[in-house]
Amino acid sequence: MQSVSAIEALPAEAWNALVGDAYPFLRHEFLHALEASGAVCGRSGWEPCHLALWWGDALVGVMPCYHKYHSFGEYVFDWAWADAWERAGGHYYPKALTAIPFTPAPGPRLALAAGIDPVEARELLASAWEDRELSSWHLLFAEDEEVDAWRAARPSLLERHSVQFQWRDAGYGDFDGFLAVLTSKRRKEIRRERRIVADQGIRLRRLVGRDIDREALMHFYRCYQITYLERGRQGYLNLEFFERLLATMSDALVLVQACLGERPVAAALCLQGRDTLFGRYWGSEVEADCLHFEACYYQGIEHCLAHGLTCFDPGTQGEHKLVRGFAPRRLRSLHHIADPHLHDAVARFCDKEQRYVAAYHERVIQALPFKRA
């Protein structure tokens, strides 16, 4: 097993051959853009320590990993754990983290070549954090099959639950077909919201791949920063990161522009995989009623229906997605806590939280706007 301090130390072609193209955030180009732009580095509190498995000269397993010196940009929040442990005299940071920085999008985290024993691979990988002076290791936004495999390999791992909202195509055909399965009240409300946007003189357009030029990207980035500045801070990601995405993986980019006349005034940047559209970044120069719903939700649904994508993940949080046809999905994260006292306290916390999340999940399912049979 090898631990590397930069993704560029591993061959891009071999990495991508393992991870495939279904999930864009695990591609070598995406992770390299994060590091090369400086958004992810030791200075930003994200120290890369990616894990690689080799069979001779062949790369046969990869898993992104970071040593973290804070808990920003993770979206599965453990600030309370860190605070409690620090007040008790312990040191919570650095910790180990397997996730995609600033990206709460469920997907694969470990990629193995055919013929590699997954049990043996996980034994090797676990030694990277179990045999070092790290307080913990956290696996965030992994797929259920991967969570199950890790729990089988390490039963002591603590499981934590959360909820996101995702849209899935059920053979709707087009947007009107999607609206047809909603209750009359919600169908009318969505049509009203879209009409409000049009009545303000705003029209939407979608740019895909090579149709996105530098001017469009610069406008998007200006809008992206405006959204963060309104909250009194800078965005996690800089212009160089987005420029690198456009240069190296434009095939995965979908840019929604909102225009007044010919002038763009708002933008939402999505990434697409083999069957899923991921809504990621948004910003606006204007205040316009219902524009966020149109640009970030309805345009994404239309894009999925037009291009055969079966799932739309619009990002974390937000019950306002529920009434627009985005169903709740239970997500699971795993946590290795080295100290037995902290482990026991976190286990009690996770047990209580799981019961709350389960009840919340059942409650919001009942609020979905689909017609009842």
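A: Two strands pair if DSSP finds at least two bridges between them. Strands (E, at least two residues) and helices (H or I, at least four) are DSSP runs, numbered from the N terminus. This is a predicted model: local features need pLDDT of at least 70, side-chain atom pairs count only at pLDDT 80 or more, and totals for chains, interfaces and linings use all residues. Residues are numbered from 1 along each chain as its sequence is written, and side-chain values use heavy atoms, with hydrogens and water left out.

Start with the pair E11 and E12. Strand E11 covers residues 253-260 and pairs with E12 in the antiparallel sense over eight bridges. Leu253 has Leu271 in E12 as its bridge partner. The two strands form a hairpin with two residues between them. Gly261 sits in that turn, with a positive phi of about 65°.

E12 also pairs with strand E13. Strand E13 (residues 276-284) runs antiparallel to E12, and seven bridges join them. Here Cys270 stands opposite Gly279 in E13. A hairpin through three residues joins the two strands.

How well covered is strand E12? Mostly: nine of the 10 residues in E12 (263-272) are buried. Buried means under 20% relative accessible area, exposed means over 50%, and partly exposed lies in between (1.4 Å probe, protein chains only).

Now the whole sheet. It is open, has 11 strands and mixed pairing, and its order is E2-E5-E6-E8-E15-E9-E14-E13-E12-E11-E10. The edge strands are E2 (46-48) and E10 (202-208), each pairing on one side only. Neighbouring strands are turned by 30° against each other on average, direction ignored. These angles use axes that are lines fitted to C-alpha atoms, for helices over the stretch in contact; they run from 0 to 180 degrees between N-to-C directions.

The side chains of Glu262 and Arg203 meet in a salt bridge (3.1 Å, N to O). A salt bridge is a side-chain nitrogen of Lys or Arg within 4 Å of a carboxyl oxygen of Asp or Glu. Glu262 lies in the loop between E11 and E12 and Arg203 in E10, so the pair ties together parts 59 residues apart in sequence. Glu262 is exposed, at 61% relative accessible area. Arg203 counts as partly exposed, at 35%.

Move along to E6 and E8. Strand E6 (residues 95-98) and strand E8 (residues 136-139) run parallel, joined by three bridges. Ala96 stands opposite Trp137 in E8. Lys95 forms a salt bridge with Asp78 through their side chains (2.7 Å, N to O). Lys95 lies in E6 and Asp78 in the loop between E5 and H3, so the pair ties together parts 17 residues apart in sequence. Both partners are buried: Lys95 has a relative accessible area of 0%, and Asp78 has 1%.

His67 is buried, with a relative accessible area of 12%. Which residues does His67 touch, not counting those up to four places away in sequence? They are Gly45, Trp46, Glu47, Cys49, Lys95, Ala96, Arg132 and Leu134. Contact means heavy atoms within 4.5 Å.

Phe72 counts as partly exposed, at 45% relative accessibility.
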